Amino acid sequence: MTDLYSEILEFDKMNLDIEKLIEDYASDLVEGMDVETLVQFVYDVIVENLEDMSVNEILEQVEVNAPHLLEELDVVVPVAEPVQ
């Protein structure tokens, strides 16, 4: 066996709780951030998520969470017709 393979087997034997490790790591990162860094991170995540959406999905999100932005632009979001 190679050393890497042995290390992988040994790592697997530890019965690592990857979900707990992820949660602990995320908590550690957040605790180390100041407010300005947290705000920038949240902003970046929101922009990144919106960039992956269609124009209609973005309009729906804005309509639900910040309708005043659409009012300022005089944009009317068409209501989707229910499927019959």
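View 1. Asp-52 is exposed, with a relative accessible area of 66%; the cut-off for exposed is over 50%. The model shown here is predicted. Asp-52 sits in the loop between H3 and helix H4 (55-65).

**View 2. A patch of negative charge on the surface.** Asp-52 belongs to this patch. Asp-44, Glu-48 and Glu-51 gather there with Asp-52.

**View 3. The salt bridge between Asp-24 and Lys-20.** The count for this model comes to one salt bridge. The side chains of Asp-24 and Lys-20 meet at 2.9 Å, N to O. Both residues lie in helix H2. They are four residues apart, about one turn of the helix. Asp-24 is partly exposed, at 39% relative accessible area. Lys-20 is partly exposed too, at 45% relative accessibility.

View 4. Ile-18 lies in helix H2, which spans residues 18-31. Ile-18 has 46% relative accessibility, so Ile-18 counts as partly exposed.

**View 5. Helices H1 and H3, the two ends of the confidence range among the elements.** Helix H1 (residues 3-13) has the lowest mean pLDDT among the elements of the protein, 71. Helix H3 (residues 35-51) has the highest, 96. The protein as a whole averages a pLDDT of 85. Of the residues, 77% score at least 70.

How values were computed
Residues numbered from 1 in each chain as written. Predicted model: local features only at pLDDT ≥ 70, side-chain atom pairs only at ≥ 80, totals over all residues. Heavy atoms only, no water. pLDDT = per-residue confidence, 0-100. Buried < 20%, exposed > 50% of the residue type's maximum accessible area, 1.4 Å probe, protein only. Patch = residues over 30% accessible without salt bridge, like charges linked within 9 Å, V, L, I, M, F, W, Y side chains within 5 Å. Areas by Shrake-Rupley, 256 points an atom, 1.4 Å probe, with all protein chains shown as cover. Salt bridge = Lys/Arg side-chain N within 4 Å of Asp/Glu carboxyl O. Lys, Arg positive; Asp, Glu negative; His and termini not counted. Charge placed at Lys NZ, Arg CZ, Asp CG, Glu CD.
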